[in-house]
Structure formats: structure tokens, C-alpha cells
Amino acid sequence: MRLDGVGRRYGVRGPWVLRDVQLEVPARALVRIEGTNGSGKSTLLRLFAGIDRPTAGRITGRPRAAYVPERFPAALPFTAAGYLTHLGRIHGLRGPEAARQADAWLERFGATGHAGTPLARLSKGTSQKVAVAQALLAEPGLLVLDEAWTGLDQGARGVLDRAVAERVADGGTVVFVDHDPRRLAGAADARYRVTDGRLVLEERGRVEDAAVVAGPRVIIEAQGAPGSAPRSGDGPDSPPLPGRPTIAPGPDGTTRLTVPAAHSDALLRALLTARPPWHIRSVTAAPPPAAVPDAAHIAHDPHGVHHARDESGRDNIHSGRNIHHDPGAEARP
Ligand SMILES: Nc1ncnc2c1ncn2[C@@H]1O[C@H](COP(=O)(O)OP(=O)(O)OP(=O)(O)O)[C@@H](O)[C@H]1O
């Protein structure tokens with residue numbers, strides 16, 4: 001997607017909120033937008049999402065977009081499940097599939113009990129879960145999140161974090177605004193700031209947070225087809241792997257990828273859905289860079305990744321959703 005000389009002002013004589021925004025947003029990217037209150041972040045996100053048009057310039061190549069607005073219109077005459085099913089159909093899903101996805105997302109957010117509740121009677125947090133679910137359920141190519149984590153409980157924030165990583169791993173683009181600088185720290189591919197109506201690149205590439213770097217990491221040993229190599233993310237045709245793992249040769253012809261635990265699910269998914277897919281030989285907890293901890297201390301992490309020991313004494317890691325379970329891996333040479 002490309003923004004060429006994009007400007008926006010409200011009213012014919014209103015001040016320019018955004019001026020001459022020039023931006024190329026690649027696929028498979030996570031982009032963070034920052035700025036002070038009233039700087040124009042939401043204005044920019046509405047342009048990204050296609051629900052508002054630029055006053056000047058143009059936007060081209062926008063993938064199918066879904067948007068979580070800063071304020072969700074809760075007073076619509078639907079139940080939670082009815083609204084999600086309706087939105088699923090608008091996004092192009094057939095009726096039964098839309099209903100199935102609606103139920104699945106309500107369950108993932110722990111809101112199944114509110115499926116039949118009218119939107120107007122939902123609590124603020126549950127209403128926000130519905131707002132987020134409506135954007136996620138159609139697996140959009142472009143996901144635009146305007147402070148979408150605000151009001152969600154901790155479990156739901158984790159669900160959204162993982163859903164964002166999955167979108168990017170699936171080749172989608174996610175653009176988000178959040179006032180918490182730790183949100184998705186270490187995962188963003190680029191960070192921009194809206195200031196005086198201009199969009200300024202603050203940081204490109206790995207946007208790391210000390211807590212993520214020092215936090216639990218995971219080593220994935222994987223085997224690819226002969227001659228194939230994981231993308232490094234360094235070249236123009238090689239988008240970065242989720243979590244930007246450190247890549248090194250592993251034992252027995254495998255490749256060893258070390259990644260912050262927060263991104264291990266997304267990385268595994270990317271490897272398993274690569275063409276041809278990679279075979280995952282082992283997934284183990286890595287000691288943090290500064291110290292070698294007792295494995296018991298990393299037996300659980302806040303990202304929903306659960307660790308259990310196998311006969312070899314290694315810590316195997318299982319996602320609750322089994323996206324990286326490869327039952328044939330042990331049988332392969
Ligand atoms: N529909 C509108 N009509 C008129 N002015 C608007 C409209 N939407 C936004 N503005 C103005 O545009 C400017 C940027 O607003 P915007 O909501 O994009 O900022 P923001 O960076 O998202 O702010 P916040 O961090 O407070 O959410 C503000 O001066 C705001 O008053």
C-alpha cells in the first residue's frame with residue numbers, strides 16, 4: 001500500500017491535520033504510529049482503513065482492510081454474535097461460516113457467555129472484545145487498530161497480541177496506535193510519529209524493548225527442504241520472519257532460530273506455512289542472555305505458552321492452540 005502526498009483537513013478552511021504524507025507500507029509488516037493527543041493519529045488510521053478519504057494526494061494498493069475504531073458504536077441493534085455474524089458477511093463470508101467465526105472469536109476472547117447479549121447492554125470491555133473480533137474474524141490483509149487494547153482484560157490483550165502476530169505471519173499488514181510504549185514491543189517493523197501534520201520515521205527494523213530482549217527466549221530447531229533457507233529479512237525481497245530470530249546452523253543439518261518467546265508462536269506458524277513447509281524438530285526454552293535460570297522459573301510465561309519436560313529433560317513448549325504441532329516430526333530422518 002502506498003500513500004502519495006496525502007493530506008487531510010476538516011472543513012474547507014480548517015487547518016491541515018496531515019500534510020504531504022509519503023509512505024510505502026509493505027505486506028507482512030507491523031507498523032506503529034505514535035504522536036501526542038490530537039496530533040492526527042486517528043485521522044491517519046481512518047485514511048489507512050479507507051473509511052475516510054484524503055483531502056489531498058492519494059492512497060493506492062490498499063488490501064482488504066478491517067478497522068477497530070477508537071470508539072466502538074455500541075448502540076447498534078444487534079446481539080454480540082448477531083453483530084459479528086453480520087460483519088462477517090459484510091467481509092465476504094458465507095452465513096454459516098460467518099456464524100462459526102463469530103462463535104470462535106467470542107470463545108477465544110472468553111466472551112461466549114455474552115453471545116446473545118444486545119450490544120447496548122455489554123460492559124465496556126466486552127463491547128471492546130466485540131469491536132476487536134469484528135476486525136479479526138475476516139482475516140483482513142490490512143488490520144488497523146486504534147487503541148484496540150484499551151479496556152480489554154489481560155487475557156484478551158494477550159489474545160489480541162497473538163492475533164496480530166498471526167496476521168503478520170500470514171502475510172498481512174497491521175498498523176496500530178497505542179499509548180502504552182510496551183505494546184507489542186520488539187515486534188514492530190517500523191515506528192512513525194505524527195508531528196506538526198507530518199509523518200516522521202522514528203525507527204525502522206527491529207524496534208526492541210529491553211524487557212523483551214532480556215525476557216524468555218525460545219530456540220526452534222527446524223529442517224527445511226534441501227537448499228532452502230529462512231529469510232533473513234535483509235534483502236528487498238525477503239520480508240522479516242516474525243520476531244526477527246537469530247539464525248544459526250543447528251545439529252544434524254537443522255537450522256537453529258532463537259526468538260523472544262512472545263513471538264515463538266508466530267515464527268512457528270510462519271515456518272510451518274512456508275512453501276515448502278519447514279519441519280520443526282524441537283522447540284526448547286533458551287536461557288536469557290544475562291543469566292542461566294532454573295528451568296522451573298520459565299515454566300510459564302504471560303503469552304500463553306506452556307512448557308513441559310519430555311524424557312530428554314528438555315523443555316518442550318506447547319501453544320494452547322497447537323498451531324505448531326507437527327506429529328510427524330519425530331518420525332522424519
Ligand atoms: N471529524 C472531525 N472534524 C473536525 N475535526 C476533527 C475531526 N476528527 C479529528 N479532528 C481534529 O483533527 C485533529 C487530530 O485529531 P485525531 O483524532 O486524529 O488525533 P489523535 O492523534 O488520534 O488524538 P488522540 O491521541 O487524542 O486520540 C484534532 O485537532 C481534532 O480535533
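Helices (H or I, at least four residues) and strands (E, at least two) are taken here as DSSP runs, numbered from the N terminus. The expected span of a helix is 1.5 Å times one less than its number of residues. The structure is a predicted model, in which local features need pLDDT of at least 70 and side-chain atom pairs count only at pLDDT 80 or more, while totals for chains, interfaces and linings use all residues. Residues are numbered from 1 along each chain as its sequence is written.

The secondary structure of the protein consists of seven helices and 15 strands. A residue is called buried if 20 or more other C-beta atoms lie within 10 Å of its own, exposed if 12 or fewer, and partly exposed in between, with C-beta atoms placed from the backbone. By this criterion, 40% of the 333 residues of the protein count as buried. Two residues are in contact if their C-beta atoms, placed from the backbone, lie within 7 Å. Among contacts in the protein with a separation of 6 or more, 69% are between residues 24 or more positions apart.

Helix H3 (residues 95-108) has 14 residues and reaches 20 Å from its first C-alpha to its last, close to the 20 Å expected at 1.5 Å a residue. Its buried residues are Ala98, Gln101, Ala102, Trp105, Leu106 and Arg108. They cover an arc of only 160° around the axis, which puts them on the same side of H3; the arc is that of the directions from the helix axis to the C-beta atoms. Exposed residues Pro96 and Glu107 lie on the face of H3 turned away from its buried side. The cover over the buried residues of H3 includes helix H2 (80-90), helix H4 (124-136) and helix H5 (154-169). After H3 comes Gly110, which has a positive phi near 65°.

The 13 residues of H4 should span 18 Å at 1.5 Å a residue, and this agrees with the 19 Å between its end C-alpha atoms. H4 is mostly covered, with eleven of its 13 residues buried. Among them are Val130, Ala131, Val132 and Ala133, together with Lys129 and Gln134. The buried residues of H4 pack against H2, H3 and H5, and also against strand E5 (65-68) and strand E6 (142-146).

The loop between E6 and H5 contains Leu152. This residue is buried, with 20 other C-beta atoms within 10 Å. Apart from neighbours within four places in sequence, Leu152 is in contact with Gly125, Gln128, Lys129, Arg157 and Leu160. Leu152 and Phe109 are separated by 43 residues in sequence and by 9.5 Å in space, C-alpha to C-alpha.

Two strands are treated as paired if DSSP finds at least two bridges between them. Strand E3 (residues 29-34) and strand E8 (residues 190-195) run parallel and are joined by four bridges. Within this pair, Ile33 has Tyr192 of E8 as its bridge partner. E8 also runs antiparallel to strand E9 (residues 198-204), to which six bridges join it, and Val194 stands opposite Leu199 in E9. The hairpin of E8 and E9 has two residues between the strands, and in it Asp196 takes a positive phi near 50°.

Strand E10 (residues 217-223) has five of its seven residues buried, so it is largely enclosed by the rest of the structure. Six bridges join E10 to strand E12 (residues 255-260) in an antiparallel arrangement, with Ala222 opposite Thr255 in E12. E10 is also paired in the antiparallel sense with strand E13 (residues 279-286), over seven bridges. In E13, Ser282 is the bridge partner of Glu221.

Helix H7 (residues 264-272) is mostly covered, since eight of its nine residues are buried. These include Leu267, Leu268 and Leu271, as well as Asp265 and Arg269.

The residues around the ligand are Tyr10, Val17, Gly35, Asn37, Gly38, Ser39, Gly40, Lys41, Ser42, Thr43 and Glu70; a residue is near a molecule if its C-beta atom, placed from the backbone, lies within 6 Å of it. Helix H1 (residues 41-49) gives the most to this shell, with three residues. By class, the shell has two nonpolar, seven polar and two charged residues. Ala, Val, Leu, Ile, Met, Phe, Trp, Tyr, Cys and Pro count as nonpolar, Asp, Glu, Lys and Arg as charged, and the others, Gly among them, as polar.
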